[in-house]
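Student: Hi, I have a new model open and would like to talk it through. Could you help me find my way around?

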Amino acid sequence: MNAPFEFENAIGNDASLPEQVAERISQLIIDQRLTYQDKLPNEFELAAQLHVGRGTVREAIKLLAARNVVVIKRGKGTFVARHPGEVDDPLGFAYYPDQMRLAMDLLEVRTRLEPWVAASAARRATPENLDRVREASLLVEEDIFSGRDHLKRDTEFHISIAQCTQNLVVPKLIPIIIYSVELFGSLNGNVLLSETVADHRAITAAICAHDPKAAEKAMEEHMEQNRRELEAILKELGRS
């Protein structure tokens with residue numbers, strides 16, 4: 001293990017001891033290149049290494065768990081989270097009073113973002129990436145054809161495309177896509193099921209063919225279909 005990182009000066013003297021220890025444990029995760037499902041040292045070991053009491057370590061771990069940096073598994077220990085630091089709704093979208101306007105604004109952002117993401121995915125996807133995109137697309141279809149709610153797997157489809165870009169920043173933008181997909185599904189009542197299947201197939205085919213222009217166009221058409229449906233909903237509500 002590396003020597004403890006001194007955070008007192010880095011984060012300021014006003015930070016509580018558990019906050020400082022939480023930062024030091026975060027640095028330990030980075031320094032040791034720990035990833036998803038790697039286990040952290042136990043409380044005794046962390047307390048000894050960081051020269052603090054077990055109670056302080058326990059509070060620090062709780063802070064990190066609340067931030068989705070670690071996951072506490074009873075009887076097993078503390079493990080690195082799947083996506084450290086990513087939490088549900090980090091931008092507070094659920095608290096916007098006008099969810100319809102939010103849906104349109106999110107779609108505006110996605111229309112600019114996702115065609116570029118799809119094109120980048122087509123350029124950079126590895127064979128393993130492509131396997132995940134194909135699988136995610138098929139799982140969405142399975143849910144749709146079986147009459148199940150497909151939104152969770154729909155978001156996983158878009159996540160799999162983002163991962164194809166090999167860009168460290170793009171996956172961090174996923175909460176925007178996830179919230180938008182789920183919000184759109186709740187607003188339109190999942191009426192565009194056949195269109196969703198056709199769009200996903202076109203996007204998948206273009207990415208797997210390593211055709212950036214076709215992938216960009218397919219994603220643009222997918223976004224345009226969503227936009228038309230949202231505008232139809234607004235019109236029904238007398239808000240067009």
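Student: Which hand does the crossing of H6 and H7 have, left-handed or right-handed?
Tutor: The crossing of H6 and H7 is left-handed. Keep in mind that we are looking at a predicted model.

Student: Where are those helices, and at what angle do they cross?
Tutor: Helix H6 covers residues 127-145 and helix H7 covers residues 151-164. Their axes come within 9 Å and cross at roughly 165°. Angles over 145 degrees count as roughly antiparallel, so that is how H6 and H7 run relative to each other.

Student: Which residues make the contact?
Tutor: On the H6 side, they are Asn-129, Arg-132, Val-133, Ala-136, Ser-137, Leu-139, Val-140, Glu-142 and Asp-143. H7 brings Arg-153, Asp-154, Glu-156, Phe-157, Ser-160, Ile-161, Gln-163 and Cys-164.

Student: And how do they divide into nonpolar, polar and charged?
Tutor: The contact of H6 with H7 has 7 nonpolar, 4 polar and 6 charged residues.

Student: What about H7 and H9, how do they pack?
Tutor: Helix H9 is residues 193-208, and it packs with H7 at an angle of about 20°, the axes being 12 Å apart. An angle under 35 degrees counts as roughly parallel, so H7 and H9 fall into that class. Their crossing is left-handed.

Student: Which residues meet there?
Tutor: From H7 you have Asp-154, Phe-157, His-158 and Ile-161. They meet Thr-196, His-200, Ile-203, Thr-204 and Ile-207 in H9. That contact divides into 4 nonpolar, 4 polar and 1 charged.

Student: What is Phe-145 in contact with, leaving aside its neighbours within four places in sequence?
Tutor: It is in contact with Val-197 and Arg-201. Also, the C-alpha atoms of Phe-145 and Leu-193 are separated by 8.9 Å, although the two residues are 48 apart along the chain.

Student: Switching to the backbone: what is phi of Arg-33?
Tutor: Phi of Arg-33 is near 55°, which is a positive value in a residue other than glycine. You'll find Arg-33 in the loop between helix H2 (17-31) and helix H3 (43-50). Arg-33 is exposed, at 71% relative accessible area.

Student: And Asn-68, what is its phi?
Tutor: Near 60°, again a positive value in a residue other than glycine. Asn-68 sits in the loop between helix H4 (54-66) and strand E1 (70-73). With a relative accessibility of 25%, Asn-68 counts as partly exposed.

Student: Let's zoom out. How many helices and strands does the chain have?
Tutor: There are 10 helices and 2 strands. Along the sequence, the pattern reads α-α-α-α-β-β-α-α-α-α-α-α.

Student: How much of the chain counts as buried?
Tutor: Of its 240 residues, 41% count as buried. The chain exposes about 13500 Å², with carbon and sulfur atoms supplying 52% of that area.

Student: Last one: among contacts between residues at least 6 apart in sequence, what share joins residues at least 24 apart?
Tutor: That share is 67% in this chain.

Terms used
Residues numbered from 1 in each chain as written. Predicted model: local features only at pLDDT ≥ 70, side-chain atom pairs only at ≥ 80, totals over all residues. Heavy atoms only, no water. Axes fitted to C-alpha atoms, helices over the stretch in contact; angles between N-to-C directions. Helix = DSSP H or I, 4+ residues; strand = E, 2+ residues; numbered from the N terminus. Parallel < 35°, antiparallel > 145°, perpendicular 65-115°, else oblique. Left-handed = near helix turned anticlockwise from the far one by under 90°. Contact = heavy atoms within 4.5 Å. Nonpolar A, V, L, I, M, F, W, Y, C, P; charged D, E, K, R; others polar. Buried < 20%, exposed > 50% of the residue type's maximum accessible area, 1.4 Å probe, protein only. Areas by Shrake-Rupley, 256 points an atom, 1.4 Å probe, with all protein chains shown as cover.
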